[in-house]
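I opened the model to look up a few things. My notes follow in the order I made them.

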Amino acid sequence: DAGVIQSPRHEVTEMGQEVTLRCKPISGHNSLFWYRQTMMRGLELLIYFNNNVPIDDSGMPEDRFSAKMPNASFSTLKIQPSEPRDSAVYFCASNTAASGNTIYFGEGSWLTVV
Amino acid sequence: AQSVTQPDIHITVSEGASLELRCNYSYGATPYLFWYVQSPGQGLQLLLKYFSGDTLVQGIKGFEAEFKRSQSSFNLRKPSVHWSDAAEYFCAVGGGTDKLIFGTGTRLQVFP
């Protein structure tokens, strides 16, 4: 079975540019999570959706960040405008009660803002 | 407040030695507990999980963990470490399809 699929895997962009990260959760999973990983702050939950509805976005750092889940098989995390401090690995993950509540992670999107 | 503490930032062991990585949690309800491993440049892979039942759970790659409610701990163990176990290990706590709270991770280095 395909796991959580993220794109792009790597992105280098200039400060001020818009960045869009994409995620396809595992088919049948109804919860989707966006995490950010940095050396300084470790793994932080940014936002999570249940049945395409945002449940908790308290981890979204500021208004420059936004996330959408227009349907059960696709989500985006957008940063506009991007800043160097946004450089991090962004992980998407998904789960469902039927999977034993185990959260499965994608391989991550490695973002560098210069 | 929900939290996970991994008190050891970095651990170094010799290949073949036993390993124990510590994890303490704070959670208001019955916790779901997880251990994930992350190799450099990779995503997180689930090693094992505890939801209920037997407090000693077996995972992949020869790892096991024991849930001790009285100590709010979920320590990860392996009787004999292999060089390929060198990675970062994360403990996490959650409640079902709710979000996972991660610890800060323990980096394991294995000497031959």
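Before looking at sheets I noted the rule that two strands pair if DSSP finds at least two bridges between them. Strands are DSSP runs (E, at least two residues), and helices are runs of H or I of at least four residues, numbered from the N terminus.

This is a predicted model, in which local features need pLDDT of at least 70, side-chain atom pairs count only at pLDDT 80 or more, and totals for chains, interfaces and linings use all residues. Residues are numbered from 1 along each chain as its sequence is written, chains are lettered from A and ligands numbered from 1 in the order in which they are written, and side-chain values use heavy atoms, with hydrogens and water left out.

Entry: sheet.
I looked up an open sheet in chain A and found four strands in the order β1-β3-β8-β7, with antiparallel pairing. In chain A, β1 (5-7) and β7 (65-71) each have a single partner strand and stand at the edges, so one side of each lacks a neighbour in the sheet. From one strand to the next the twist averages 15 degrees (axes are lines fitted to C-alpha atoms, for helices over the stretch in contact; angles run from 0 to 180 degrees between N-to-C directions). I then checked β7(A) against β8 (residues 74-79) of chain A: five bridges join these antiparallel strands. A:Lys68 has A:Thr76 in β8(A) as its bridge partner.

Entry: aromatic rings.
Rings of Phe, Tyr and Trp (its six-membered ring) pair if their centres lie within 6.5 Å; planes under 30 degrees apart are stacked, over 60 edge-to-face, the rest tilted. I find 16 aromatic pairs over all chains. One of them is A:Tyr35 with A:Phe105, tilted, at 5.6 Å centre to centre and 45 degrees between the planes. A:Tyr35 sits in strand β4 (residues 31-38) and A:Phe105 in strand β10 (residues 104-105) of chain A, 70 residues apart, so I noted a link between distant parts of the chain. A:Phe105 also pairs with B:Phe102, edge-to-face, at 5.7 Å centre to centre and 75 degrees between the planes. This pair joins two chains, because A:Phe105 lies in strand β10 of chain A and B:Phe102 in strand β11 (residues 101-102) of chain B.

Are A:Tyr35 and A:Phe105 buried or exposed? Both are buried (under 20% relative accessible area; exposed is over 50%, partly exposed in between, with a 1.4 Å probe and protein chains only). A:Phe105 has a relative accessible area of 9%, and B:Phe102 is buried with 9%. I also noted one aromatic cluster that includes A:Tyr35, A:Phe105, B:Tyr36 and B:Phe102.
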